[in-house]
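Please load the model in a viewer and keep the selection panel at hand. The tour below goes from stop to stop, saying what to select and what is found there.

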Protein chains: 2
Amino acid sequence: MANVSIIEGFQPKNDPVLLEKAESLKPELKVTTLTGSRMGEEKALKEGDQVRFDFGNHQVGYVTLHLSHQGSHPDAPAFIKLKFAERAEEMDEDSSEYEGWISRGWIQEEWLHIDQLPAEVRLPRRYAFRYIQIDVLATSLKYQLKVDRVTCEAVSAVSMEDLSEPLQTEDELLKKIDQVSIRTLMNCMQDVFEDGPKRDRRLWIGDLRLQAKANYKTFKNYDLVKRCLYLFAGSRFPDGRVSANIFTDGEVEADDSYLADYALFFVPLLAEYYAETKDQEALDDLYGIAMEQIDIVMRQVGEDGVVKDGENGFWCFIDGDDEGDAEKEGGNGFWCFIDWNNEINKQASFQGILIYSLRYALKLAQEKQDAKRIGMCRGAIELLVKGAKEKLFDKEEMVFVSGKARQVSTASQAWMVLAQVFDQETNRKILRAIREKGLPYHMATPYMMHHYCEALIQSGEKEEAMKVIKGYWGKMIEMGADTFWETFNPEDPEESPYGGSMVNSYCHAWSCTPAYLLREYEF
Amino acid sequence: MANVSIIEGFQPKNDPVLLEKAESLKPELKVTTLTGSRMGEEKALKEGDQVRFDFGNHQVGYVTLHLSHQGSHPDAPAFIKLKFAERAEEMDEDSSEYEGWISRGWIQEEWLHIDQLPAEVRLPRRYAFRYIQIDVLATSLKYQLKVDRVTCEAVSAVSMEDLSEPLQTEDELLKKIDQVSIRTLMNCMQDVFEDGPKRDRRLWIGDLRLQAKANYKTFKNYDLVKRCLYLFAGSRFPDGRVSANIFTDGEVEADDSYLADYALFFVPLLAEYYAETKDQEALDDLYGIAMEQIDIVMRQVGEDGVVKDGENGFWCFIDGDDEGDAEKEGGNGFWCFIDWNNEINKQASFQGILIYSLRYALKLAQEKQDAKRIGMCRGAIELLVKGAKEKLFDKEEMVFVSGKARQVSTASQAWMVLAQVFDQETNRKILRAIREKGLPYHMATPYMMHHYCEALIQSGEKEEAMKVIKGYWGKMIEMGADTFWETFNPEDPEESPYGGSMVNSYCHAWSCTPAYLLREYEF
């Protein structure tokens, strides 16, 4: 399934004042220059030869090839193919076999002619990688190519020196999980909080929320969070909705993709940022926009206190009126994310996210002493909690159900627990019930896994949460991860939501949360 | 057969004074900006689509793609493949099928990722082409690529405004042949006289001599000829030999390839340049080097007045001593070029070239009033003419023979005629005899064909020469040539000396000589 939305003639509504504030907060990237280690013996290369370099850890940056020759004066261009791999396994993959629905343009390969040797060839594009493989497609009978060195100017908005404090633990696996989490976060912190430095490379709100949480516990780069909040606020849908993501290459421009859960996350994002910083300017500038996101979604709540479910298991709407209709914009119903498991019915999860967001909206309203809004939030929470309990909860099975088919998924339970529909004791029972069912509708991403973990912790199941952290994130480390991955199914590590793992991102922001969980909650 | 010479640890002997003079004569290239015509309808392109542009004539220059998009904001890099074609047919060729011995690095293709749209992508490399084909390898489901325009900054040391005078003829085919010759010459006139702007792209002395001749009749750019003479003189083999070609990318450096015929051509090159310009400085600087080339080759002449023939039909030597031995440097015996027909035994042709060069050496010696050298030249000519007549001429058949096997080739006759071994009347008979034999050992290149034409003209067979010009160069035009080709066998147009026509050069300097022949000799 291709999860794309396309709106003909879409023009986001840009607010120059907000965007100017965002621009003023643009970080100057920190550059570290590294040299790759040659894998295998050094030798001059002829057609058909290959050389690989290892940069020791996951890097994001600009690569320079230091090339010379052996033999006669080169009488023809050298022709090489470069491959950048986040994991060693990727070097052995054949990109011509990729047949997924996401653009093959993301596969990190280049074909290059070098007319003159010696040469320092600085590639103009940025790559995310640990390994570089160079295949020599042509030299000539008169000379061989020598790759003397490969260097990388690694970039990030932060550096390890900015790190506030190390994790207090004696557990070697947890130390390693924390280090890899921090590396993941650091490599995604660029001009904005990127979702992944290999693919997409842009600001998604679902990722941003988790990155911000981890950042508050580690690098504490508040300006970058603020910049991203202003970017989302500064370029929105014409009807005021916050977009799922923002393009910041060239002119700032909201994508024409709306995800209802992501838009709601603007509220906890702002509330948590304010809680950390007490930044009154940001609160004043962005409060109205946050509340607007709630209001837009509340129009989709029925009198029974339940959000409407969409066709094919997706809850969706387009134009803010009551006629939720995925068909209007392509019919794929991709208006709420939840997780990269397309089998999940999203109604209950989304109900949970709406209640969760309303609790943050209430906090913001209290900060603003906005009595009317405080009342609205309280009323909405009461209505939605009641609806959740009465319409979406199976008392016999002690689990939440979702959609017409009353689907029981892990995601639904996690979000209803985080929404605090019930008290801690009941929440614990719910999560035990779903564990006993074998965690149905598997969680495909560290993103969903994070929410499940936090739900466990908040319902007093810290030990179980620790098992998940060590079992899930620990498993990636066991499999050689230098940074955590966008999607990971331990039962099927090559699983990809895109139809081919070659376009998976193996350094993905939303997987960095152990750095937050291990510091926020005392294990 | 791979015709390459490789000398381990070769270091040319560079003369800074001569090279500085060469540098001071480096031309400033003239730039003309052109826009390609779209072939087929304009449309936005998705994965798998293709678009072609036609620049109306053969161009040498730097290309800029003017790109934009249609649909949503691009959410993935566009990935395209570019192909530059001198002839329309090349666009349909599949470079993965190339299996020749010359580097596939010469095939004019690029693979390119474009991270941001709109974009003006100026490709850093220079191409030789009339057509550009763009294949879209990836966009995404959200957008299509638009190629709004493709422009080219065409470059040459000369422009059509520099042209001295048009050819005086009413014959439309001759006019066309002349125009195409001039275009070929112009597009090969860059920082130096290049052999071909697609492949090799460097200064070869065999090409230079013919380019200079055509240039004297057309653009009259004497400085560029002088620059090239100084480059050959300024970077030579350690023993003083003039190299077959010079690299001028980066530091000037003679190639480690010696071709005895090419080295001798330094002599007529200098003599003709002096005849055109009366440039005393050049004569004084370069006279000694010219004479040295004669002396080196004369050591290979036996007491019988015949140049020694090498193994496998090649006459060769390496280190200036009497032990001609191709085996010493790889054994391919590529020490004398003559033509891209490897079946030709080169002894007789080379004997002709030596006599031909000695006649120019004599002229130079007379200009310098160098009595000793005048005597030496006269003696050498006498010895070699006698040797040619007695040992290499078959009186019965009225043809020259070459090598142990007494091979009768067209090339041998052409060069012996140009050497004026016999008088005009006998020369005419020789050329008639070889025509009657069906011009054995076919001439593979316009380079050899030029010498055959000039031999015809000089022996009074102008009509026959005209037939060749119209039949051979005219045939290329009939086949769509915008510029004349490096190699052309009308019986087998796809013939390539390199094992694949994909690396053939379709704008090649040595094919430009009709512009000279049609002006020099009154037809």
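A residue is called buried when its relative accessible area is under 20%, exposed when it is over 50%, and partly exposed in between, with a 1.4 Å probe and protein chains only. The model is a predicted one, in which local features need pLDDT of at least 70 and side-chain atom pairs count only at pLDDT 80 or more, while totals for chains, interfaces and linings use all residues. Residues are numbered from 1 along each chain as its sequence is written, chains are lettered from A and ligands numbered from 1 in the order in which they are written, and side-chain values use heavy atoms, with hydrogens and water left out.

**Backbone of chain B**

Select Lys278(B) in the loop between helix 6 (266–277) and helix 7 of chain B; helices (H or I, at least four residues) and strands (E, at least two) are DSSP runs, numbered from the N terminus. Lys278(B) is exposed, with a relative accessible area of 52%, and its phi is positive, about 55°, although it is not a glycine. Most residues other than glycine have a negative phi, and most peptide bonds are trans. Asp200(B) counts as buried because its relative accessibility is 13%.

**Two cis peptide bonds**

Now select Leu117(A) and Pro118(A), which are joined by a cis peptide bond with omega near 0°; Pro118(A) sits in the loop between strand 6 (109–114) and strand 7 (119–138) of chain A. In chain B, select Leu117(B) and Pro118(B), where the peptide bond is cis with omega about 0°, and where Pro118(B) belongs to the loop between strand 6 (109–114) and strand 7 (119–122) of chain B.

**A helix pair in chain B**

Select helix 7 (residues 280–298) and helix 8 (residues 347–367) of chain B, which pack at an angle of about 145° with their axes 10 Å apart. Here the axes are lines fitted to C-alpha atoms, for helices over the stretch in contact, and angles run from 0 to 180 degrees between N-to-C directions. Residues in contact have heavy atoms within 4.5 Å. On the side of helix 7 of chain B the contact includes Leu283(B), Tyr287(B) and Met291(B), and on the side of helix 8 of chain B it includes Phe350(B), Leu354(B) and Glu367(B). The residues of this contact divide into 13 nonpolar, 1 polar and 1 charged, where Ala, Val, Leu, Ile, Met, Phe, Trp, Tyr, Cys and Pro count as nonpolar, Asp, Glu, Lys and Arg as charged, and the others, Gly among them, as polar.

**A buried asparagine**

In chain A, select Asn215(A), which lies in helix 3 (residues 205–217) and counts as buried at 0% relative accessibility. Show its surroundings as well: leaving aside neighbours within four places in sequence, Asn215(A) is in contact with residues including Leu185(A), Phe193(A) and Tyr222(A).

**Salt bridges within the chains**

Which residue forms a salt bridge with Arg199(B)? Select Glu486(B), and the closest N and O atoms of the pair are found 2.8 Å apart; a salt bridge is a side-chain nitrogen of Lys or Arg within 4 Å of a carboxyl oxygen of Asp or Glu. Arg199(B) and Glu486(B) are both buried. Then select Asp171(B) and Lys470(B), whose side chains meet in a salt bridge at 2.4 Å, N to O. Asp171(B) is partly exposed at 23%, and Lys470(B) is partly exposed at 29%.

In chain A, select Arg199(A) and Asp200(A), a salt-bridged pair with closest N and O atoms 3.2 Å apart, both of them buried. Finish in this chain with Lys21(A), Lys226(A), Asp279(A), Glu281(A) and Asp285(A), which a network of salt bridges links.

**The interface**

Last, display both chains: 40 residues of chain A are in contact with 40 residues of chain B. The area buried between them is about 3400 Å², of which carbon and sulfur atoms give 53%; buried area is the accessible area (1.4 Å probe) that two parts lose on being put together, summed over both. Across this interface the rule finds 7 salt bridges. Select Lys142(B) and Asp256(A), which form a salt bridge with their closest N and O atoms 2.5 Å apart.
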